[in-house]
Every structure is written in structure tokens, then in C-alpha cells.
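Please open the structure in your viewer and keep the selection tool at hand. The tour below moves from one selection to the next and says what is there.

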Amino acid sequence: MVCLKQVPARDAVLRLNAAGTWIQETDINFEVNEPDIYALEEALRLKEKHGGEVVICCLGPARAQQAIKEALAKGADRALHLDDPAFQGLDAQGVALAMSRALEKEKPDLIVTGLQSDDFGYAQTGVILAELLGLPHSTIIMEIQVTGQALKVRRELEAGWFQWIEMPLPALLTIQSGINKPRYATLKGIMASKSKPIQKLTTAALGLTPADLALRQKIAKVYVPVKQTKTEFFEGSPKEIAARLVDKLKNEARVL
Amino acid sequence: MANDVLVFAEHQGGKIVRPTWEALAAGQHLAQDLGTGVSAVVLGAKVADVARELATVDVADVLAVDSPLLAEYTADGYAEALRQVVTERQPRFLVFSHTYQVRDFAPKLAAALKSSFVSDCLGYRKEGDRLIFLRQVFQGKFNADVEVGGEGPALVSFQAGSFREDSVRRGAAAVKVNAVPVTLAPEKIRTKPGERFREAKQAVDLTQAEIIVAVGRGIKAPENLELVKKLAEALGAEIGASRPICDGGWLPMDRQIGSSGQTVAPKLYVALGISGAIQHQVGMKGSRTVLAINKDKEAPIFEVSTYGVVGDLFEIVPPLIEEIKKVKTG
């Protein structure tokens, strides 16, 4: 089971909405959250090695179908799409709760997620999901070994340190970016994906009430950060810029 | 006076880790603004020494949770032990530093407590009775004001550097260390951690470099690294990189700068095509002078740069190399 989400493209030029509470979602491109691509690749490799099925679990509006289709084209077998107007703007607890309801029935052996999202960046959804499902978990994983019902994973620690961790299956892992080289979808994969099932799940299907999804933390305002250091910007032709930069580096910063 | 702020003190092998001091500074700050007291909590097996060191800080008391089952960090053990401490003490805020360990168990603890966890904050401010936490969204392109609702303790973690470790107030005398008993069941700790290890000895020590030319996604293709090498040669610099470049195998891992790589503080840091996500910034923001060249004027790298050029690095770098050579030979 791979949990993934769709986020604004990395190179998208983001603008704030009129109320200053979020970004304008019209007119920008979306893509699969990059850390989740590594999680998907890990799942596909485990399937190739050990068999089984790779299922996508994605919460998001209709546009997220694009992300789901991309994952199916790369080799996932089917998808759960949690789509309901009530899911908009959920916090990590809400997303994890909705996903936990969808996954309870699936009883996957292993759940993998990216380590965090490129939009909110909470880095919480996976771990909360594990807790709600009563599963052991580990985070920021750089290598997975499966032997029978046991899991051995290499967890990244700070400053170049690592640690092997063993746990029983079923379990949940959040995957560090860079663990693998993600594949591209083939034409054959894209064709095959068209017949793969996508199950749509609403709050009603998941037995969720508005009270269940009430926000525990609310984003009151989003704004462009005020700079802490004052950057001196240089404009002009590349040659002019280069000359002035070198002058600054030599005479002001004194590093040349 | 109630002690409404509880700070989690992380340690490694009996040594308090640096981010803990920042979390303590944050906790002291928060308690002062709330007109309440602050306590520190430490978990482990035989934590008396760590607790004694924490007791030199200006806090109301230190809570020491000692259990053989906490000898090594596990998410299951730490989350359950802290859940019991929080349930008994009922603090309003539980303060963390946003370390890998905290990321591993704090969301679990929050879920178990049915509490909110505002993760990776840059700071907070007080507006009347309300506390507003500041965190980055969209990889640092925007900041967001976050309010915590609901009853019960809220968990909050602060990003490295949000509070200064040297701003921790020390106490006039050591405070009391209170042992807090917890009940843990060995079968509830499902993960078995192994020894910590390092992949290979770091071949390149960028921490001592006086000048670093660092390269990010903007370089587009590995063959373009030649240009970066030429600039580094002209400057007499070491080459560093952001994580995606090392993940992609374009440069070896020991060139990586940032939270999962090396932390550097050269006299000059040249950032080429690096957007400067916070994971990168924490590794280089101690640099004395930062020159950033990036085509995206919204790139967060410009928040920490001295000199900035919004433009195409492939156009700017070649004349820059020429000018540097002129100055150096002239």
C-alpha cells in the first residue's frame, strides 16, 4: 500500500489567494509529491521481488486522478481515491484518520509513504496513520529487507549516521528521498493503467463525520516571508553582473 | 505556579544533543510569555547524569523517566512513556526540537493523546491570549501562521536555529530532579533498534573549507558540473551540493550539505541553482558571505544570501570565472 499525494509542481509560480489563507490553485500545474515517488518505487520493487499487489491510497480532489494514473502507469495494480469536499484543507490528523478508515479493510502487509509533503511539510501523516492502525513504524528509511513476516530497515539518522531496525509485519515506513532511482512509466504501462480500477471513497463510505475531521490546527494566514538578511541583488548583462560581483567579493566581502 | 510548559530533552548515549538546548530556550521563552513555569523531561535507562546536567538550567524541575525498556530509543517506548508523563502532568505545551528522533515519535504521541502537533516551527508570537505559531509551507516559499485549537496539551517542535542554544538561562542553584515512574510492557515495544553506524568515513571534510561552491538542481545535467568545477578552481574552492544532486549520483554523498549531510561555515558560500529548502539552509546558514545565483526570484536561498543574482547560472558563471581569474592574476 502506497500513500501518495499531489502537490503543486516544484517549478510552479505560486500566488496567494485573495484571503491570504492559501495559494491560488487555479492556473498551476500539480505533480506527485516527490518523496512519495520514492515510496512508490520501493513498493514496486518489493512486489517484483516478493509478489503481492501494490495499491495506491490518495486523498485529494478530482485533479489528484492524474497522480493516481501516473502511479498505475508505473506498475501499481489499483487505487483508492479518497475524494470528498469535506477533505479539503485537512490537517495531518484528519488525512491520517480518513486513510486509516480506508486501509482498515485492506489489511496491507506494508504501508509506505514519502517522508513529508512538499506543500504542508508536516512530516506526520504516516506516523499518525501507523498509530491509528496500531502498526509499528519507522521513519526516514534508506533500505528495506523483507524476510517472511519480519522487516529489517535502514533508518537514516542525522549527520551521516544510520541504524538497522527490525520489526514484525504488518508495519508502516516513511521513505527517504534518494533511496532508489524511480522508474518512468512506459507506454505499455500507460496503456495498461487505463483498465486498472480506481475506487472512489467519500466520508460516507468511510463512516466519517464532520466532527471526526475537525481541524486541530488551523492555518490562519499564509504570506511571503520577511527576509532576515538583506540581499543585495545585481542586474544587468551577465558580464556587468560578473564584474560587479567580483568587485564586491574582493573589496566588501574580502574573500578574493 | 503551575508548570504548563514541558520540554523534551533528547540525548544520545548519555550526552545531551545540541538541539535540546534550543528546545530549552524555546520552552523558557514560551513559559515566560504565558506567565507559567517550565519543566524538562528526559527518558532513558540510568539517566541520572543527564538529569543532573539539565537541573543546572533555570527550570522548575527535571522529570527523569528511568526504565531499562528505554535504554535505546524506540518510537513505541518513548511515545508511551511520554504519554503517561503528559497525562499525569497535564502541561499546556510540550516543546521539542525538530530532530529526526522527534519526527519519528512525536506524531504518534500526538495521535495517542488526541492532541495537535505543530511541527517544524520557526517561532511563535503572542496576540492577546492567543499563541500563533509560525511555520514554513511550500518548501519555504511561504510562511504560515498556525493556531492550535481544542483542549488538552499541544505539541510543538521548533526548527534548528529558531532559538539560540546560548540563550538558555542557567539557574542559580540546581533544581530538583523528580523521578517519574512509568509502566511499560516489553511486548508493546515492537521495533528492535541496532547499533548506530556510519556508512563510510567522510572522505571530504567540507567543514574546514574557506570557500565552497555548492550546486543544486539548477545545474540540470551531470555534464554541466564541468562549469561548476571551473568556478571552484578559479576561486580555490571545495565543491558541495544539495541533496538531490547526491541522491542522483552526480556527486558523491560526502559532498552533501544540509541536515542529512555536512554543516559548513565558510567565508564564502556560492550557491548555484540551489533553491535553499530549509534542509539545505541549516547546513550553510553559518556562512559569512553567501552568493546565490538562481532563476527563481522566490527561491528561499535569497533569504540567507548576501549577494543575489536572479538569472541563468549558465549565462552568469562563465563571465564570473573570467573576472575572478583577472582579479587573481592582476
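Begin by selecting A:Val2, A:Ile56, A:Cys57, A:Met99, B:Val42 and B:Val95, which touch the most other members among the 126 residues of the largest nonpolar core. A nonpolar core is a set of buried Ala, Val, Leu, Ile, Met, Phe, Trp, Tyr and Cys residues joined through C-beta atoms within 7 Å; a residue is buried if 20 or more other C-beta atoms lie within 10 Å of its own, exposed if 12 or fewer, and partly exposed in between, with C-beta atoms placed from the backbone. This is a predicted model, in which local features need pLDDT of at least 70 and side-chain atom pairs count only at pLDDT 80 or more, while totals for chains, interfaces and linings use all residues. Residues are numbered from 1 along each chain as its sequence is written, and chains are lettered from A and ligands numbered from 1 in the order in which they are written.

Select next B:Leu235, B:Ile245, B:Ile257 and B:Phe302, which are among the 47 residues of another core, lying apart from the largest one.

Move on to A:Pro170, in the loop of chain A between strand S9 (161–168) and strand S10 (171–175); strands here are DSSP runs (E, at least two residues) and helices likewise (H or I, at least four), numbered from the N terminus. The peptide bond from A:Leu169 to A:Pro170 is cis, with omega near -5 degrees.

Finally, select B:Lys220, in the loop between strand S13 (211–215) and helix H5 (225–235) of chain B. B:Lys220 is not a glycine, yet its phi is positive, about 70 degrees, and B:Lys220 counts as exposed because it has 10 C-beta neighbours inside 10 Å.
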